Amino acid sequence: MPNQPAKLFPHDRFFYPLISWIPRWVEPNHITLLRLILTPFVIIFLLYENYDVGVPLFLLTALTDAVDGTLARVRNQVTPWGIFYDPVADKILIGSVVLLIVIRHVNPILALAIIGVEILLIAGGWYRRRKTHLQSANIWGKIKMILEVVGVLFLLIALWSGVDLFVQISSGTLIVAMIFAIVSLLTYSL
């Protein structure tokens with residue numbers, strides 16, 4: 001897999017100037033590990049309602065997803081480990097925040113539906129990995145992740161700022177993310 005040229009996505013051109021500053025010794029999998037390491041800190045700050053730190057840290061941690069993917073594709077460093085663990089790291093970040101914040105402040109049924117679909121996506125990835133058929137994220141999964149991050153971010157901003165309108169925007173965005181999650185799940189099943 002590492003020697004095959006990777007298909008670039010539109011956001012890769014946006015992040016390219018940023019990754020040109022990343023030293024060559026930093027690999028995409030290092031950034032995925034960083035996301036896994038930062039996630040518990042995000043959860044701790046949000047749990048204690050320290051939104052001054054928790055919200056920017058969530059955004060930084062979520063942005064590592066785009067950075068590691070762009071880095072892997074542009075530097076042709078796509079690995080089987082990254083194909084499997086990058087989405088797992090995303091789901092741990094989003095799933096943790098959904099369980100902590102969305103379930104309490106938006107809608108428990110929506111939160112559990114998001115978690116359920118994420119578990120199905122992880123199980124599908126695990127199954128494909130066992131069958132030695134690794135498949136990178138498709139465009140539907142990428143859009144789903146962006147919408148989940150935006151939806152969670154709007155909710156966190158609502159909690160941080162006290163502007164209730166952002167809760168409604170968050171809810172709507174997360175519902176649209178669920179639609180893309182289902183499409184992503186179905187396209188991986190085909």
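Biologist: Are Glu118 and Lys144 buried or exposed?

Modeller: First, the ground rules: this is a predicted model, where local features need pLDDT of at least 70, side-chain atom pairs count only at pLDDT 80 or more, and totals for chains, interfaces and linings use all residues. Residues are numbered from 1 along each chain as its sequence is written, and side-chain values use heavy atoms, with hydrogens and water left out. Buried means under 20% relative accessible area, exposed over 50%, and partly exposed in between (1.4 Å probe, protein chains only). Glu118 and Lys144 are both buried.

Biologist: What do the side chains of Glu118 and Lys144 meet in?

Modeller: Side chains of opposite charge can pair when their charged atoms come close. The cut-off is a side-chain nitrogen of Lys or Arg within 4 Å of a carboxyl oxygen of Asp or Glu. For Glu118 and Lys144 the N to O distance is 2.9 Å, so they meet in a salt bridge.

Biologist: Which helices does that pair link?

Modeller: Glu118 and Lys144 are 26 residues apart, in distant parts of the chain. Helices here are DSSP runs (H or I, at least four residues), numbered from the N terminus. Glu118 lies in residues 108-130 and Lys144 in residues 139-161, which are H5 and H6.

Biologist: Where in the chain are Glu49 and Arg104, which meet in a salt bridge?

Modeller: Their N to O distance is 3.9 Å. The two residues are 55 apart and link distant parts of the chain. Glu49 is partly exposed, at 49%, and Arg104 is partly exposed too, at 46%. Glu49 is in the loop between H2 and H3, and Arg104 is in helix H4.

Biologist: Is H3 roughly parallel or antiparallel to H4?

Modeller: The axes of H3 (residues 51-74) and H4 (residues 80-105) come within 10 Å and cross at roughly 160°. Angles under 35 degrees count as roughly parallel, over 145 as roughly antiparallel, 65 to 115 as roughly perpendicular and the rest as oblique. Therefore H3 and H4 are roughly antiparallel.

Methods:
Axes are lines fitted to C-alpha atoms, for helices over the stretch in contact, and angles run from 0 to 180 degrees between N-to-C directions.
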